[in-house]
Amino acid sequence: MTSLSTEQIEFYQQNGYLHITGLLTPEEAAAYRAEIHAIAERQGETDATWESVKAGGTSITHCHDVHFRSAAFTRLLTDPRLTGPAQGIIGPNVQLHHNKMFIKPPEKGSPFPMHQDYPYFPHRDHSMIAIILHFDDAPEEKGCLRAYPGSHKLGPVEAYGSDHHASEKLYPITRATPIPAKAGDAIFMSYLLIHGSGTNVSNEPRTTLLVQMRDPLDVPLNDRHCLARSGHDARRRRCRCQALRLCVGGTGCLTCSARGRTAPV
Ligand SMILES: O=C(O)CCC(=O)C(=O)O
């Protein structure tokens, strides 16, 4: 296990996030960046711009669960440099929940309004974290991550609209702390941290992989995430592994990987 220092754990507990520089080498970051752009090329045009900022005319390329698209990511997801710090935060038992790649294109890369990830997949013990791996530099002009340090201590805050953004009055993106990063850096954060990111106005893309991990013994409070992703009626099905009602059509159970081994509940 790649353990965190006491100072790093204290920083995370105080602020709700931890920025680890140089988690990947520049060469590794460049290779993963190329993989992400190859996936984007293969899958064709997508746009995951949030409803509340759609009028801005920006776009963002996205793909869910890239470990089904490239073995490079299957390996990366179990890399101790990733799982070790996750264990330092969550505890010894960590589990992949899902992951998603983002490419914010040059000049018009969509912003993410300030939000908590909590409303998307609420869990009883709030063990869920996100790890944002940076595959190219993300200075402020590329729309780097911004956050309200310590906001995870508020617990779930009121969420608005179909994209569950936080109050723009209480948590404007302009007052949030920018967390610029370099290629190879990783930012670990609680799913209760109020965060977002700005528009990419630079002339280069911003390429990231966001990995969501949790304690497998934590209890999801609803199936919204599963339903939203697959259109599959998870409420009436349960995987035989019994861990969760997370049978995702086409890809199998995210908990035990069984395909089609589901039963009505
Ligand atoms: O990578 C970013 O800019 C933020 C992504 C994010 O907040 C999310 O996907 O929930």
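**Strand pairing, ligand shell and loops**

Colleague: In S10, what is the bridge partner of lysine 104?
Modeller: Arginine 206 in S10 is the bridge partner of lysine 104. This is a predicted model, where local features need pLDDT of at least 70, side-chain atom pairs count only at pLDDT 80 or more, and totals for chains, interfaces and linings use all residues. Residues are numbered from 1 along each chain as its sequence is written.

Colleague: How many bridges join S3 to S10?
Modeller: 9 bridges join them, and the two strands run antiparallel. Helices (H or I, at least four residues) and strands (E, at least two) are DSSP runs, numbered from the N terminus.

Colleague: And which strand pairs with S3 over 4 bridges?
Modeller: Strand S2 (residues 61-64) does, in the antiparallel sense, with S3 covering residues 95-104. Two strands pair if DSSP finds at least two bridges between them. Threonine 61 stands opposite isoleucine 103 in S3.

Colleague: Changing topic. Which residues surround the ligand?
Modeller: Phe102, Phe112, Asp117, Ile132, Leu145, His195, Ser197, Thr208 and Leu210, counted by a C-beta atom, placed from the backbone, within 6 Å of the ligand. Strand S9 (195-197) and strand S10 (206-214) are the elements that give two or more residues to this shell.

Colleague: How many of the shell are nonpolar, polar and charged?
Modeller: 5 are nonpolar, 3 polar and 1 charged. Here Ala, Val, Leu, Ile, Met, Phe, Trp, Tyr, Cys and Pro count as nonpolar, Asp, Glu, Lys and Arg as charged, and the others, Gly among them, as polar.

Colleague: Which residues of helix H4 are buried?
Modeller: In H4 (residues 80-90), they are Leu82, Thr83, Pro85, Ala86, Gly88, Ile89 and Ile90. Buried takes 20 or more other C-beta atoms within 10 Å of a residue's own, exposed 12 or fewer, and partly exposed is in between, with C-beta atoms placed from the backbone.

Colleague: What do they pack against?
Modeller: The buried residues of H4 pack against helix H1 (6-15), strand S1 (17-20), helix H3 (71-76), strand S5 (129-134), strand S8 (186-190) and S10. Contact means C-beta atoms, placed from the backbone, within 7 Å.

Colleague: Which loop holds aspartate 65?
Modeller: The loop between S2 and H3. Aspartate 65 has a positive phi of about 55° although it is not a glycine. Most residues other than glycine have a negative phi.

Colleague: Why does aspartate 65 count as partly exposed?
Modeller: Because aspartate 65 has 17 C-beta neighbours inside 10 Å.

Definitions and conventions
Two residues are in contact if their C-beta atoms, placed from the backbone, lie within 7 Å.
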